[in-house]
Every structure is written in structure tokens, then in C-alpha cells.
Amino acid sequence: MVHQDESETPQQHRTTTVDQGRFCVACCTCGWRGPARRARSLARTDAEGHALSGV
């Protein structure tokens, strides 16, 4: 029987923003995507909130 190590480090959330036409979307390596925003600053705020929440 294989024993899994319970002290595995959780997946680190790495976020980016992607321009899609007139909109900007925040994306994460975990698969999360934020809402489309017209302002990049709002997309960055969404990304920071997601990374801090760890969800």
C-alpha cells in the first residue's frame, strides 16, 4: 500500500491578465477565470483577490 505524504504543498496560484479585444480577463494556473473587464486595473484587482483567497 502506498502512503501519500500529507504535507504536500498546496498549488500556488499564478495569475495573469489577457487582453481579448476591448476587454481584459484575469486567469489563473488553477483554471479560474475572472469576469471580462474594460479596465486592466480591475482585472488585476480580480486576480489579486483570487490569489489572496486561495480558492
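**View 1. The buried face of helix 1.** Ala-43, Asp-46, Ala-47 and His-50 are buried in helix 1. Buried means under 20% relative accessible area, exposed over 50%, and partly exposed in between (1.4 Å probe, protein chains only). Helices (H or I, at least four residues) and strands (E, at least two) are DSSP runs, numbered from the N terminus. An α-helix has 3.6 residues a turn, so residues three or four places apart point the same way. Glu-48 and Leu-52 are exposed on the other side of helix 1. The cover over the buried residues of helix 1 includes strand 1 and strand 2.

This is a predicted model: local features need pLDDT of at least 70, side-chain atom pairs count only at pLDDT 80 or more, and totals for chains, interfaces and linings use all residues. Residues are numbered from 1 along each chain as its sequence is written, and side-chain values use heavy atoms, with hydrogens and water left out.

**View 2. Helix 1 from end to end.** Helix 1 has 14 residues, which at 1.5 Å a residue should span 20 Å. The expected span is 1.5 Å times one less than the number of residues. The end C-alpha atoms of helix 1 are 20 Å apart, which agrees. Just after helix 1, Gly-54 takes a positive phi of about 70 degrees.

**View 3. The surroundings of His-50.** His-50 lies in helix 1. At 6% relative accessibility, His-50 counts as buried. Which residues is His-50 in contact with, leaving aside its neighbours within four places in sequence? They are His-13, Thr-15, Cys-28, Cys-30, Trp-32 and Val-55. Contact means heavy atoms within 4.5 Å.

**View 4. The salt bridge of Asp-19 and Arg-40.** The side chains of Asp-19 and Arg-40 form a salt bridge, with N to O at 3.1 Å. Asp-19 belongs to strand 1 (residues 15-20) and Arg-40 to helix 1 (residues 40-53), so the pair ties together parts that are 21 residues apart in sequence. A salt bridge is a side-chain nitrogen of Lys or Arg within 4 Å of a carboxyl oxygen of Asp or Glu. Asp-19 is partly exposed at 47% relative accessibility. Arg-40 is partly exposed too, with a relative accessible area of 46%.

**View 5. The salt bridge of Asp-46 and Arg-37.** Here the side chains of Asp-46 and Arg-37 meet, with N to O at 2.8 Å. Is Asp-46 buried or exposed? At 18% relative accessibility, Asp-46 counts as buried. Arg-37 is partly exposed, at 28%. The count comes to two salt bridges. Side chains of opposite charge can pair when their charged atoms come close.

**View 6. Cysteines without a disulfide.** How many disulfides does the structure hold? The number is zero. Cys-24 is in no disulfide, and the nearest cysteine sulfur, that of Cys-27, is 8.5 Å away. A disulfide is a pair of cysteine sulfur atoms within 2.5 Å. Cys-24 is buried, with a relative accessible area of 2%. For Cys-28, the closest cysteine sulfur is in Cys-30, 3.6 Å away and too far for a bond. Cys-28 is buried at 10% relative accessible area, whereas Cys-30 is partly exposed at 33%. Cys-30 is found in the loop between strand 2 (23-28) and helix 1. From Cys-30 to Thr-15 is 15 residues in sequence and 8.9 Å in space, C-alpha to C-alpha.

**View 7. Ala-36 in its loop.** Ala-36 is found in the loop between strand 2 and helix 1. Ala-36 is partly exposed, with a relative accessible area of 48%. Leaving aside its neighbours within four places in sequence, Ala-36 is in contact with Phe-23, Cys-24 and Val-25. Ala-36 and Asp-19 are 17 residues apart in sequence and 9.2 Å apart in space, C-alpha to C-alpha.

**View 8. The chain as a whole.** The chain has one helix and two strands. Along the sequence they follow the pattern β-β-α. Buried residues make up 20% of the 55 residues. Among contacts between residues at least 6 apart in sequence, 16% join residues at least 24 apart. The accessible surface comes to about 4600 Å², and 50% of that belongs to carbon and sulfur atoms. Accessible areas come from the Shrake-Rupley method with a 1.4 Å probe; for residues, only the protein chains shown count as cover.
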